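This report describes the sheet architecture of a single model, from its overall strand order to individual bridge partners. Please consult the sequence and the structure shown below while reading.

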Amino acid sequence: MEKDTEDMMKKPIIGITMGDPAGNGPEISVKALAHAQLYEFCRPVVVGDAGMIKQAVRIAGRPDMIVHPCNSISEAKFMPGIIDVLDLELIRDPAEFQLGKVSVEGGSAAFRSVKKVIELAMAGEVDATCTNAFSKEAVNLALQEEKGRYSEGRTHFDGHTEIYAAYTQTKRYAMMLMLHDFRVVHVSTHCSLRQACEKVKKARVLEVIEMAHSACLNMGIVQPHIAVAGLNPHCGENGMFGTEEQTEIKPAIEAAREKGIDAIGPLPPDSVFSEALGGIYDIVVCMYHDQGHIPIKTAGFVYDRKKQRWKTVEGVNITLGLPIIRTSVDHGTGFAMAGKGTSSEASLMNAIECAARMAQHKTGRLPG
């Protein structure tokens, strides 16, 4: 019994936000935590609203799952069959709350869940954080409506990444997407394509190469092999279609190699991802949002033509450069599917497992 207790205490505590309560976050949280094997490698706790999770138990068709509201992490039971919820009491009446719609109440609940899980991680009460999707529109509507009451006066955030950066006081960060051993990381994310091109500068490209290298090392990859994509068609064809490869990207790669980082490029974006999927590279540095998102989601999001529904939705979003661990589902809020009980929990399970592995590597606490 003492050995079992000792092993349990070695397992990392993962704080999981419920996401926008009007989306599919609550129900895929229930579905994910219904898998008893998750408890073999971590201690999960949902941060959000217990009433919405109870409703999600019914939607997910899992009446066997017991929702256990907690006032603190110390009250969590961490047992299969029991969903521990750090209950922030965010939704006035779950029975009246409308699913599938953008709302101030939903945006406020999502934001406050994220802020709380960051606080828990910064205080060392959870070992890693994992986020379900929220609506950027709903969050910013709530911040404006509430005049920044829960955000120290801030009335706008571009997304999860920027919230994490703000509340951890992080200046250097990047978005990484992962589908099993296929990984991409971005030089820029939430900005216009014109702005994205302007952000392709040597200093930023080098910074992201360095973060990609560190991320791979933290995942146990001993000698990361990093591909760096070009920005222009055919990497600019020696300046015929653009010069960023010559003036910004290649100098960044050379600087990285001088630091002992195994980076290669710039490589044509129309072929580098196929090579990465084939295992030639451990990670690809991408120049802008869609350059990285499209290949990952094409590989991880599989639609069943015959059944006219998603067969699988896999992938993990990881924020690099933070002092705490943050992974996330690699999909949106699923408003169109909310309340139907058909949403896949695969991406969330991927994200929880990734968070646990990263936490174990960071702390050196391995169960068993």
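## Basis of the description

Two strands are taken to pair if DSSP finds at least two bridges between them. Helices (H or I, at least four residues) and strands (E, at least two) are DSSP runs, numbered from the N terminus.

The model is predicted: local features need pLDDT of at least 70 and side-chain atom pairs count only at pLDDT 80 or more, while totals for chains, interfaces and linings use all residues. Residues are numbered from 1 along each chain as its sequence is written, and side-chain values use heavy atoms, with hydrogens and water left out.

Twelve strands form an open sheet of mixed pairing, in the order 3-4-2-1-5-14-13-6-7-10-8-9. Strand 3 (66–70) and strand 9 (263–267) each have a single partner strand and stand at the edges, so one side of each is left without a neighbour in the sheet. From one strand to the next, the twist averages 25°; axes are lines fitted to C-alpha atoms, for helices over the stretch in contact, and angles run from 0 to 180 degrees between N-to-C directions.

## Helices packed on the sheet

Helix 3 (residues 50–59) packs on the sheet and touches strand 2, strand 3 and strand 4 (82–87), contact meaning heavy atoms within 4.5 Å. The direction of helix 3 makes about 175° with that of strand 3.

Helix 9 (residues 244–258) also packs on the sheet, where it touches strand 8 (226–229) and strand 9. The direction of helix 9 makes about 170° with that of strand 9.

## Strand 1 and its partners

Strand 1 (residues 13–17) pairs with strand 2 (residues 43–48) in the parallel sense over five bridges. Within this pair, Gly15 stands opposite Val45, and Ile16 has Val46 as its bridge partner. Strand 1 also runs parallel to strand 5 (residues 128–131), to which three bridges join it; here Ile14 is partnered by Ala128.

How many residues of strand 1 are buried? Five of its five residues are buried, that is, under 20% relative accessible area, with exposed meaning over 50% and partly exposed in between (1.4 Å probe, protein chains only). Ile13, Gly15 and Thr17 lie on one side, and Ile14 and Ile16 on the other.

## Strand 4 and its partners

Strand 4 is joined to strand 3 by five bridges, and the two run parallel; Pro69 has Val85 as its bridge partner in strand 4. Strand 4 also pairs with strand 2 in the parallel sense over three bridges, with Leu86 as the bridge partner of Val47. Five of the six residues of strand 4 are buried.
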